[in-house]
Structure formats: structure tokens, C-alpha cells
Amino acid sequence: MAYEIEEIRISQEIFYYLLEHHELREEEEERMYRAYTEREEIQNLVKSQGEIANSSIERYGNVIYLIPREDNSFLGFSKAQLKTALCRSNATDKDYYLSQFVILTLLVEFYDGQGSSSKAREYMRVGELQNCISERLKEGAQNAGKTEEETSGIAFSNMLEAYEALKSDEKGSRARTTKEGFLHYILIFLQKQGLIEYVEQDEMIKTTKKLDNFMDWNLLNQNNYRRVLRVLGVKENE
């Protein structure tokens with residue numbers, strides 16, 4: 001298909017904007033938003049550029065997002081970068097996988113994958129999240145004798161060991177060697193990505209519209225939801 005020079009130029013403008021801001025909102029950039037949504041040729045060109053950059057371009061509601069694929073460490077994060085951002089300086093792989101487990105647990109507590117919207121609650125206290133993590137890790141470690149299919153091959157005992165190695169501090173320490181500090185820096189990271197609102201003084205977690213849209217439209221089809229439940233060792237009738 002042959003494209004007009006103007007279509008190519010506008011598509012490049014939109015893609016560059018997405019590279020810089022990671023999202024394009026209708027109320028902020030109506031001209032580019034309308035060009036993308038109303039002109040199929042421009043939309044195809046933008047999506048093609050996203051493919052070349054190992055990313056997806058998706059529109060949820062009135063926002064267009066640039067979403068790096070899992071193995072895209074240029075626009076996204078590599079394992080090493082995430083380990084540095086989420087864990088203490090001498091972190092092991094156990095600590096890294098524990099941080100990913102924390103994020104998965106948070107998602108499952110907020111979203112249940114049912115109904116017209118997957119969101120199940122409006123907020124969560126940090127202490128409640130901490131209790132959920134501890135309970136899920138203990139349950140997973142107790143079931144470690146089951147088959148790999150039942151446990152999803154997840155090393156719950158290793159993550160539980162890493163979690164229990166963290167100290168507890170009722171004063172709310174921000175040291176990465178404490179459970180409270182470990183969770184704090186994960187929540188700060190998610191907030192910087194625009195995925196949650198972390199109200200530190202109230203120890204309250206809320207999700208953003210960006211995360212709500214992403215979960216509703218992309219992650220929580222029933223197949224993906226069941227996969228997450230299996231990873232966490234949750235029975236669907238719980």
C-alpha cells in the first residue's frame with residue numbers, strides 16, 4: 001500500500017510523542033489523537049513503527065498507549081534494572097522473584113477478572129497487602145510437594161525464605177532490609193510508572209485509570225486471569 005507523505009509525517013509525529021510520553025490523551029493532544037483514531041492509514045503506520053520497536057500500540061478509552069513487550073529492555077526494563085529499582089543492593093534472584101510476586105499479589109487483590117470491569121476494590125492498606133503476601137507464600141510453600149503443573153513451577157519456599165529474611169519494623173522503617181521498606185520501594189516504583197497512587201501518610205494504595213484500563217482490556221481475559229491465579233496458588237472458588 002502506498003502512503004502519502006503527510007500520512008507518514010503525522011504517524012512519525014505520533015510515534016515520537018508516544019516514545020517521549022508513553023501515552024497520548026485525547027484531551028491533551030486532540031489533533032494527533034483524532035488523526036490516529038479516524039484515519040486508518042495513519043493508525044496502521046503507527047502500529048507498524050511500534051512493531052519495529054518491539055512494542056504494541058493500544059487504545060483504551062480516550063488514551064493511546066505505547067506498551068513495550070516483555071523482552072524489550074530498551075523501552076521497558078531489563079531484569080537487572082528491575083532488581084536495582086526494587087531490591088536491596090546485594091539482592092539475589094530470590095529477592096527479585098519475590099518483588100514480582102508482590103506485584104502479582106497486589107494485582108490479584110485489586111482485580112478479580114469478573115464482570116464488566118475487573119476491578120474488585122477501590123483501595124488497599126499496606127498492612128493488608130503485607131498480610132496477603134505472607135499468607136500466599138506460606139500456602140504456596142506448604143503445597144510445594146504437589147506436581148509442577150499444580151504449583152506452576154514457582155519456588156515458593158525460596159521466596160518465603162527471602163521474605164522472612166527481611167526484618168519487621170512496626171515504626172515503618174524505609175530500610176530495604178525490612179518488610180515495610182521492601183514494599184515501600186516497590187510501591188514507589190509502581191507510582192512512578194503511573195500505575196498506582198501510594199498515599200504514604202495513610203499507608204493506602206489506589207490504582208490509577210491507566211492500570212484499570214490495562215487490566216480490563218488486556219490482561220484479564222479469562223485465560224490470563226486463570227494463569228495468574230495458578231501462579232499464586234489460588235483456587236478459583238475462593
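Which ring does the charged end of arginine 176 sit over? Select arginine 176 and tyrosine 185 together: the charged end of the arginine lies over the ring of tyrosine 185, 3.9 Å from its centre. A charge counts as over a ring if NZ of Lys or CZ of Arg is within 6 Å of the ring centre and within 35 degrees of the ring normal.

Before moving on, note that this is a predicted model, where local features need pLDDT of at least 70 and side-chain atom pairs count only at pLDDT 80 or more, while totals for chains, interfaces and linings use all residues. Residues are numbered from 1 along each chain as its sequence is written, and side-chain values use heavy atoms, leaving out hydrogens and water.

**Another charge over a ring**

Next, pick lysine 179, which lies over the face of tyrosine 163, at 5.2 Å from the ring centre.

**Aromatic rings**

Now show the aromatic side chains; the structure holds five aromatic pairs. Rings of Phe, Tyr and Trp (its six-membered ring) pair if their centres lie within 6.5 Å; planes under 30 degrees apart count as stacked, over 60 as edge-to-face and the rest as tilted. Select tyrosine 60 and tyrosine 65, a tilted pair with 5.8 Å centre to centre and 40° between the planes.

Then go to tyrosine 96 and tyrosine 97, an edge-to-face pair at 5.2 Å centre to centre, with 65° between the planes. Is each of these two buried, exposed or partly exposed? Buried means under 20% relative accessible area, exposed over 50%, and partly exposed in between (1.4 Å probe, protein chains only). Tyrosine 96 is buried because its relative accessibility is 10%, whereas tyrosine 97, at 42%, is partly exposed.

**Helix 6 and its neighbour**

Select residues 126-142 to see helix 6, which has 17 residues and reaches 25 Å from its first C-alpha to its last, close to the 24 Å expected at 1.5 Å a residue. That expected span is 1.5 Å times one less than the number of residues, and helices (H or I, at least four residues) are DSSP runs, numbered from the N terminus. Among the buried residues of helix 6 are Leu129, Cys132, Ile133 and Arg136.

Finally, colour glutamate 109, which is in helix 5 (residues 93-110). Glutamate 109 is buried because its relative accessible area is 16%. Not counting residues up to four places away in sequence, glutamate 109 touches Arg121, Met124, Cys132 and Arg136, where contact means heavy atoms within 4.5 Å.

How values were computed
Helix = DSSP H or I, 4+ residues; strand = E, 2+ residues; numbered from the N terminus.
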